[in-house]
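Thank you all for coming; today I would like to walk slowly through one structure, and I ask you to keep it in view while I speak.

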Amino acid sequence: MLDAETILVATEDVLRRHGPSKATVVDVARALGVSHAAVYRHFASKAALREAVTRRFVGRTLPALEAIAADAALAPPQRLRAWISAMFAAKRAAAGGDPELFATYRALAGESSTVAAEHVAALLSQLERMVADGIATGDFAATDAAAAARAIFWATAAFHDPAHAGEWDRPGREAVLADVCTLVVNGLR
């Protein structure tokens, strides 16, 4: 039975093989042994299919990050450090573990500003909740959790923005990240 998930898995495989500029809905249909009309029954257009693949790819990191953001057993400063480190680890693993799909994601994210904006909004929401918790416990002196979350997000961009993926495997990146985390947490105090 053909369903959206099966189509998305096949689309990822096609994108790995052909890249985002050459992969077509016909290629996906051929890989599934169905007509392109069958694919269009689940996704109204090539753009909708590519957007769904991008959403699926970026969404893989959110549950683990949400678990850290919601972990009340950790004090807010430790939770924030763990979250930033986990995001870097997830992004680096995605870039290194599936470089073809990661390159495709970078291209598709550029096409689909909606998916990228939704992903950033979800990450900012998690950061904002951790900062608000830190304000409530007195761990952080910040007064505007949303503004602090945006500042943290952009201050750590070198560790999660795909534009910096080429730097992620350089020696000493974890030490630099630890220093940035210390600077961020101390700044919030």
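I will talk about a cavity, then about one of the helices beside it, and finally about a pair of crossing helices.

Please keep in mind throughout that this is a predicted model.

Let us begin with the cavity: the count comes to one cavity of 30 Å³ or more, and the space in the largest cavity is about 60 Å³. Which residues line the largest cavity? They are Thr11, Leu15, Ala23, Thr24, Val25, Val28, Lys46, Leu49 and Arg50, and when we sort this lining by class we find five nonpolar, two polar and two charged residues. Helix 1 (4-18), helix 2 (25-32) and helix 4 (46-59) each contribute at least two residues to the lining, with helix 4 giving the largest share, namely three residues.

Turning now to helix 2, we see that Val25, Asp27, Val28 and Ala29 are buried there, and that the buried residues of this helix pack against helix 1, helix 3 (36-40) and helix 4. After helix 2 comes Gly33, which has a positive phi, near 70°.

My last topic is the crossing pair. The axes of helix 6 (residues 76-97) and helix 10 (residues 173-188) come within 10 Å and cross at roughly 145°, and this crossing is right-handed. On the helix 6 side the contact includes Pro77, Leu80 and Phe88, while on the helix 10 side the residues include Leu177, Cys181 and Leu188. By class, the contact between helix 6 and helix 10 has ten nonpolar, two polar and four charged residues.

Technical notes. Residues numbered from 1 in each chain as written. Predicted model: local features only at pLDDT ≥ 70, side-chain atom pairs only at ≥ 80, totals over all residues. Heavy atoms only, no water. 1 Å grid on protein atoms, 1.4 Å probe; cavity = no way out; pocket = protein on both sides within 12 Å on 5 of 7 lines; lining within 4 Å. Points joined across faces, edges and corners; volume = space filled by probe spheres on them. Helix = DSSP H or I, 4+ residues; strand = E, 2+ residues; numbered from the N terminus. Nonpolar A, V, L, I, M, F, W, Y, C, P; charged D, E, K, R; others polar. Buried < 20%, exposed > 50% of the residue type's maximum accessible area, 1.4 Å probe, protein only. Contact = heavy atoms within 4.5 Å. Axes fitted to C-alpha atoms, helices over the stretch in contact; angles between N-to-C directions. Left-handed = near helix turned anticlockwise from the far one by under 90°.
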